[in-house]
Amino acid sequence: DDINTKIKSWTIELDARSIDILSESKTLPFEIKESRKVNEQQRLQYRFLDLRNEKVKKNIVMRHKVIRTMRDILDKKDFIEVETPILNKGTDEWSREFIVPSRLHPWSFYVLPQAPQQIKQMLMASGVDKYYQVARCFRDEDDKGDRQPEFTQLDMEMAFVKPDDVMWIIDEVLNKPKEG
């Protein structure tokens, strides 16, 4: 990939009069362009290199565009975006929640929410009738191929609506026409 096709020899040309070596570097643990072929543990150990892979960057940019598009659509529909706390009191079930000990209050704990349901209900009861959040969620699940402990989800809440109203909004968010 470092070949210059604009020159006759199709090779890299250097015209150096002198060279000062300021620092030596080790060989990279894997080729950045091939990082998707490297085992996951090594990719995570050298995540700063893996993130230079164009396919990985493309996924990060795609996530940004999807979330931006959702926000734009919901904003035009008069939704407001809210953010609920990550650390919260535990629910009655206490199952499958990550428990975080409090340093300031010994023998007291916070939980990382499965979904911030209590706060959503409080907002609805207080008159905030159309809102959403792009929420970080945590679940202490058994290892399965289709689950992970931390993920992001779109939460939308609407008061006094019919099922068709919800379906229209979801349809618009999921089926936004692609730009250009």
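So, start with strand 1 and strand 4, which pair in the parallel sense over two bridges. Glu 81 has Tyr 132, in strand 4, as its bridge partner.

Quick housekeeping: this is a predicted model, with local features needing pLDDT of at least 70 and side-chain atom pairs counting only at pLDDT 80 or more, while totals for chains, interfaces and linings use all residues. Numbering runs from 1 along each chain as its sequence is written, and side-chain values use heavy atoms, with hydrogens and water left out.

Zooming out, the protein has five helices and five strands. Those are DSSP runs numbered from the N terminus: H or I with at least four residues for helices, E with at least two for strands. Along the sequence you read α-α-α-β-β-β-α-β-β-α.

Now, how far apart are the end C-alpha atoms of helix 3? They're 33 Å apart, which agrees with the 33 Å that its 23 residues (54-76) should span at 1.5 Å a residue. The expected span is 1.5 Å times one less than the number of residues. At the start of the helix, a side-chain oxygen of Asn 53 reaches to within 2.7 Å of the backbone nitrogen of Lys 55. After helix 3 comes Asp 78, with a positive phi near 65°.

The buried residues of helix 3 are Val 56, Ile 67, Thr 69, Met 70, Ile 73 and Leu 74. Buried means under 20% relative accessible area, with a 1.4 Å probe and protein chains only. They pack against helix 2, strand 4, strand 5 and helix 5.

Last, Met 158, in strand 5. Buried or exposed? Met 158 counts as buried because its relative accessibility is 18%. Beyond its neighbours within four places in sequence, its contacts (heavy atoms within 4.5 Å) include Phe 79, Met 124 and Ile 169. Met 124 is 34 residues away in sequence, yet 8.1 Å away in space, C-alpha to C-alpha.

Definitions and conventions
Buried < 20%, exposed > 50% of the residue type's maximum accessible area, 1.4 Å probe, protein only. Polar contact = N/O pair within 3.5 Å; in protein donor to acceptor, adjacent residues only side chain to side chain. Pairing = 2+ DSSP bridges.
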